[in-house]
Amino acid sequence: MPANIELVFAGSGSLRSKLVDYASSLGVSERVHFLGNVQSMQLFYSAINVMCLYSQREGLPLSILESMACGKAIVATDVGGISEVLTHKQGVLVKPGDEMGLKLAVIKAINMKQGECIREHIFSIADANKMSEEYDHFYNGLPS
């Protein structure tokens, strides 16, 4: 990654110590920050430029929706339901296992338009009233 990019990890999973050691071995410890468990995710999202979720398996992660609601561009693996809410206007999808694609996606996302355009998109598709109406429509269409 370019020298002006810093990475911030929220959470404390089983790979944390390995990742800390790996960052140290690469000589990038000063640019990689491990916050542990974050209590105020809204504050976290407001402090970052791009939210990245690089997972092998997901459903539709709440973290994607939350960060989009905070107007942040997303980089995520194309797994689960992520592609149902993320278009090329809000972020970049990456194939699982594509580390070079991940790097390029982060750089692309940093330069994307962020803010209200991302918020408007997620609220237009994740509005509770609209979702409820769609579920009602679906269930009403089932044979009894």
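**Fold, pocket, core and cysteines**

Modeller: The chain has seven helices and five strands. The model is predicted.

Colleague: In what order do the elements of the chain run from the N terminus on?

Modeller: The elements are helices and strands, seven of the former and five of the latter. Written from the N terminus, their order is β-α-β-α-β-α-β-α-β-α-α-α.

Colleague: What percentage of the residues of the chain count as buried?

Modeller: A residue counts as buried when its relative accessible area is under 20%. The chain has 144 residues, and the buried share of them is 30%.

Colleague: Which residues lie nearest the centre of the largest pocket?

Modeller: The largest pocket holds about 1,900 Å³ of space. Its lining takes at least two residues from each of several elements, including β1 (7-10), α1 (16-26) and β2 (32-36). Of the 46 lining residues, those nearest the centre are Leu 7, Val 8, Phe 9, Cys 52 and Leu 102.

Colleague: How many residues of that lining are charged?

Modeller: The lining of the largest pocket has 46 residues. By class, 30 of them are nonpolar and nine are polar, while the charged ones number seven.

Colleague: Which residues have the most contacts inside the largest nonpolar core?

Modeller: This core has 26 residues, and the ones with the most contacts inside it are Met 51, Ile 64, Met 68, Ile 74, Val 75 and Ala 109. At least two core residues come from each of α2, β3, α3, β4 (73-77), α4 (82-85), β5 (91-94), α5 and α6 (116-125). For Val 75, leaving aside neighbours within four places in sequence, the contacts are Val 50, Met 51, Cys 52, Leu 53, Val 92, Val 94, Leu 102, Ala 105, Val 106 and Ala 109.

Colleague: How many disulfides does a search of the whole structure find?

Modeller: A disulfide needs two cysteine sulfur atoms within 2.5 Å. For Cys 52 the nearest cysteine sulfur, that of Cys 70, is 17 Å away. For Cys 117 the nearest is again that of Cys 70, 14 Å away. Over the whole structure the number of disulfides found is zero.

Colleague: Is Cys 52 buried, partly exposed or exposed?

Modeller: Buried means under 20% relative accessible area and exposed means over 50%. The value for Cys 52 is 38%, so Cys 52 is partly exposed.

Technical notes. Residues are numbered from 1 along each chain as its sequence is written. This is a predicted model: local features need pLDDT of at least 70, side-chain atom pairs count only at pLDDT 80 or more; totals for chains, interfaces and linings use all residues. Side-chain values use heavy atoms; hydrogens and water are left out. On a 1 Å grid over the protein atoms alone, a cavity is a set of points where a 1.4 Å probe fits but cannot get out, and a pocket is an open set with protein on both sides within 12 Å along at least five of seven lines; lining residues have an atom within 4 Å of a point. Grid points are joined across faces, edges and corners, and a volume is the space filled by probe spheres set on the points. Helices (H or I, at least four residues) and strands (E, at least two) are DSSP runs, numbered from the N terminus. Ala, Val, Leu, Ile, Met, Phe, Trp, Tyr, Cys and Pro count as nonpolar, Asp, Glu, Lys and Arg as charged, and the others, Gly among them, as polar. A nonpolar core is a set of buried Ala, Val, Leu, Ile, Met, Phe, Trp, Tyr and Cys residues joined through side-chain atoms within 4.5 Å. Buried means under 20% relative accessible area, exposed over 50%, partly exposed in between (1.4 Å probe, protein chains only). Contact means heavy atoms within 4.5 Å.
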